[in-house]
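Here's a quick briefing on the salt bridges in this model. Have a look at the fold, then go through the pairs below.

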Amino acid sequence: MSFWQLLKEDWIAHERDWTRPGFRAVAVHRLGNLQLDTPRPLHRCGRFLHRVLYRWVRNRYSIELPYAVELGRRPIIEHQGAIIIHGFARLGDDCIVRQGTTIGNRYRDRPLDAPRLGDRVDVGAGAQILGAVSVGDDARVGANAVVIDDIPAGHTAVGVPAVARPTKP
């Protein structure tokens with residue numbers, strides 16, 4: 001998909017409000033990916049513009065979403081504040097991430113270990129997803145849960161450390 005089509009989908013997913021901090025963070029992320037494909041002379045300008053906007057979003061809204069994150073289609077970043085996503089993480093399509101969430105590595109000596117979230121994953125406020133874990137499609141992570149083990153598809157993880165249970169219909 002083109003940059004503009006992805007941006008339009010993101011805008012629609014964020015309730016057609018371009019002033020929402022989550023939309024702005026995702027738009028800057030998409031811009032960071034776009035600047036990777038630009039020709040060499042324009043690449044430096046694009047990289048500089050992305051870096052300025054990235055830092056502005058990070059400092060103003062406290063949403064850290066590096067351009068290296070594999071971001072699916074229509075992600076929703078609810079609210080603002082203290083959202084940190086590891087540069088090597090993967091978020092699937094239609095994921096929802098709420099405030100106070102950390103999606104990052106667990107051990108300092110393994111900096112490339114990052115979580116992989118499937119499609120339609122719902123991450124509650126204050127949740128911590130740490131290490132090279134996989135969260136299956138349609139899974140839910142409860143508020144303030146600490147996930148250090150894989151979560152199967154369709155399960156809900158709650159507690160510290162999180163325990164996965166099948167989601168009740």
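A salt bridge here is a side-chain nitrogen of Lys or Arg within 4 Å of a carboxyl oxygen of Asp or Glu. The structure holds ten of them. Bear in mind that this is a predicted model: local features need pLDDT of at least 70, side-chain atom pairs count only at pLDDT 80 or more, and totals for chains, interfaces and linings use all residues. Residues are numbered from 1 along each chain as its sequence is written, and side-chain values use heavy atoms, with hydrogens and water left out.

- Glu78 pairs up with Arg20, with the closest N and O atoms 3.5 Å apart.
- Glu78 sits in the loop between strands E3 (76-77) and E4 (83-85), and Arg20 in the loop between helices H1 (3-13) and H2 (21-36), so the bridge ties together parts 58 residues apart in sequence. (Helices, H or I, have at least four residues and strands, E, at least two; both are DSSP runs numbered from the N terminus.)
- Glu70 and Arg116 also form a salt bridge, again with 3.5 Å between the closest N and O atoms.
- That pair links strand E2 (residues 70-71) to strand E8 (residues 116-117), 46 residues apart.

- Arg20 is buried, at 15% relative accessibility (buried is under 20% relative accessible area, exposed over 50%, partly exposed in between, with a 1.4 Å probe and protein chains only).
- Glu70 is partly exposed at 43%, and Arg116 is partly exposed at 36%.

- Arg110 and Asp113 meet in a salt bridge at 3.8 Å, N to O.
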